[in-house]
Amino acid sequence: MTTILTVTLNPAIDVTYRVAGLAVGETVRVANVRSRAGGKGVNVAAVARHLGSDSLVLALTGRAEPDEFRAGLDRLGLPHHLIPALDAVRRTVAVVEDNGVTTSLQERGPAVAAGVRDEVVAAFRAELAAGAGAVVISGSVPPGLGDEVPARLAVLCAQAGVPVIADVSGAALRAAATARTVLVPNRDELSELAGKRLHQSGEIVAAGRQLVRDGAAAVVATLGEEGVIAVTADHEFGVRPVERVVGNPTGAGDAAAAALARHLAAAGDVSGMDWPAALADVVATSAAAVLRPVAGEVDLEARAGWLGALTVKETA
């Protein structure tokens with residue numbers, strides 16, 4: 001089975017608190033707490049395996065023992081290639097209220113030492129050569145590593161003929177945008193790339209067209225309750241969710257990336273994709289992730305029901 005290789009340069013221990021309501025400045029009783037190894041690439045790998053694909057996590061981890069992050073991946077049953085490079089693995093906290101409102105607290109994470117960049121590239125080359133069918137580079141870049149690293153890894157993918165998704169932000173996203181990656185920005189990230197706030201679907205399509213002209217393989221803009229707008233060199237598509245979903249949206253974007261990666265791996269290239277089928281899967285899987293209490297999981301029954309009900313419209 002084709003392996004989806006995910007890259008998590010700034011891993012985390014994800015903590016999710018379920019509360020009736022969040023009142024700032026008050027004592028809040030936590031009804032339930034979950035803690036697991038996380039970071040966006042880990043969530044992608046977990047969802048891909050939940051959907052039936054092989055996946056492998058390439059990530060940095062802490063140098064100290066015992067390694068909580070490594071142990072967490074083992075508990076999740078996720079194969080991994082870890083590079084000990086951090087003083088500690090950061091924590092992220094998602095506070096999920098009963099009404100679906102979620103507040104996220106995200107530590108920046110510790111800086112990495114000189115030389116880690118070369119270790120990352122060497123490890124990535126080795127796993128790419130081992131036969132990855134698709135690559136997903138996700139999340140933030142730790143201080144000291146360099147915002148250009150995701151783009152550098154994407155170039156290696158292009159040279160190897162392996163499709164790659166870049167779900168990064170800020171300077172890393174700008175660098176990766178011209179490296180033949182499939183970009184999966186949200187509205188804020190796409191607006192930052194465009195240099196202006198994007199409101200209407202026509203503005204999002206225009207921004208996607210420009211990014212494809214500038215070197216992106218495709219742009220799949222994830223818009224939450226508004227669904228997805230995708231732009232390739234030859235097509236433009238839009239798909240909206242069947243219904244509004246209330247729950248924890250923290251891992252929805254990662255679930256979308258996992259679904260998209262599975263289709264890229266099967267097709268072997270952006271040009272060979274069945275884009276309507278892929279985008280229906282992206283929206284259904286993303287919504288099904290919202291129904292689960294923590295990132296990295298999906299409600300398979302809900303996903304199956306939505307897959308048959310979604311309509312993907314080609315807009316050009």
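Tutor: A residue is called buried when its relative accessible area is under 20%, and exposed when that area is over 50%. Please keep in mind that the model is a predicted one. With this cut-off we may begin with a single residue.

Thr92 belongs to strand S6. Its relative accessible area is 11%, and Thr92 is therefore buried. Which residues does Thr92 touch, if those up to four places away in sequence are not counted? They are Ala12, Ile13, Asp14, Val15, Leu105 and Gln106.

Strand S6 comprises residues 90–97, and Glu97 is also found there. Glu97 has a relative accessibility of 11%, so this residue counts as buried. Apart from neighbours within four places in sequence, Glu97 is in contact with Val19, Ala20, Gly21 and Leu22. Between the C-alpha atoms of Glu97 and Ala171, which are 74 residues apart along the chain, there is a separation of 32 Å.

An α-helix has 3.6 residues a turn, so residues three or four places apart point the same way.

Helix H2 spans residues 68–76, and its buried residues are Phe69, Gly72 and Leu73. Viewed down the axis of H2, these buried residues fall within an arc of 100 degrees, so they line one face of the helix. What do the buried residues of H2 pack against? Their partners are strand S2 (12–19), strand S3 (30–38), helix H1 (40–50), S4 and strand S5 (80–86).

Helix H7 takes in residues 201–214, and its 14 residues should span 20 Å at 1.5 Å a residue; the end C-alpha atoms are 20 Å apart, which agrees. The buried residues in H7 are Ile204, Val205, Ala207, Gly208, Leu211 and Val212. Because these residues cover an arc of only 165 degrees around the axis, they are on the same side of H7. Two of the elements they pack against are helix H6 (187–194) and strand S10 (182–183). The others are strand S11 (218–222), strand S12 (228–231) and strand S13 (236–239). Just after H7 comes Gly215, which takes a positive phi of about 130 degrees.

In helix H10, residues 300–307, the buried residues are Ala302, Arg303 and Trp306. They cover an arc of only 100 degrees around the axis, which means that they are on the same side of H10. Glu301 and Ala304, on the other side of H10, are exposed. Helix H8 (252–267) and H9 are included in what covers the buried residues of H10.

How many cavities of 30 Å³ or more does the structure hold? There are 2 of them.

The largest cavity has a volume of about 40 Å³. Helix H9, residues 275–290, gives the most to the lining, with 3 residues. By class, the lining of the largest cavity has 8 nonpolar residues, no polar ones and 1 charged residue.

The second largest cavity holds about 30 Å³ of space. Its lining is made up of Val7, Thr8, Leu9, Leu58, Ala59, Leu60, Ile83 and Val120. In the lining of the second largest cavity, 7 residues are nonpolar, 1 is polar and none is charged.

Technical notes: Residues are numbered from 1 along each chain as its sequence is written. This is a predicted model: local features need pLDDT of at least 70, side-chain atom pairs count only at pLDDT 80 or more; totals for chains, interfaces and linings use all residues. Side-chain values use heavy atoms; hydrogens and water are left out. On a 1 Å grid over the protein atoms alone, a cavity is a set of points where a 1.4 Å probe fits but cannot get out, and a pocket is an open set with protein on both sides within 12 Å along at least five of seven lines; lining residues have an atom within 4 Å of a point. Grid points are joined across faces, edges and corners, and a volume is the space filled by probe spheres set on the points. Helices (H or I, at least four residues) and strands (E, at least two) are DSSP runs, numbered from the N terminus. Ala, Val, Leu, Ile, Met, Phe, Trp, Tyr, Cys and Pro count as nonpolar, Asp, Glu, Lys and Arg as charged, and the others, Gly among them, as polar. The expected span of a helix is 1.5 Å times one less than its number of residues. Buried means under 20% relative accessible area, exposed over 50%, partly exposed in between (1.4 Å probe, protein chains only). The arc is that of the directions from the helix axis to the C-beta atoms. Contact means heavy atoms within 4.5 Å.
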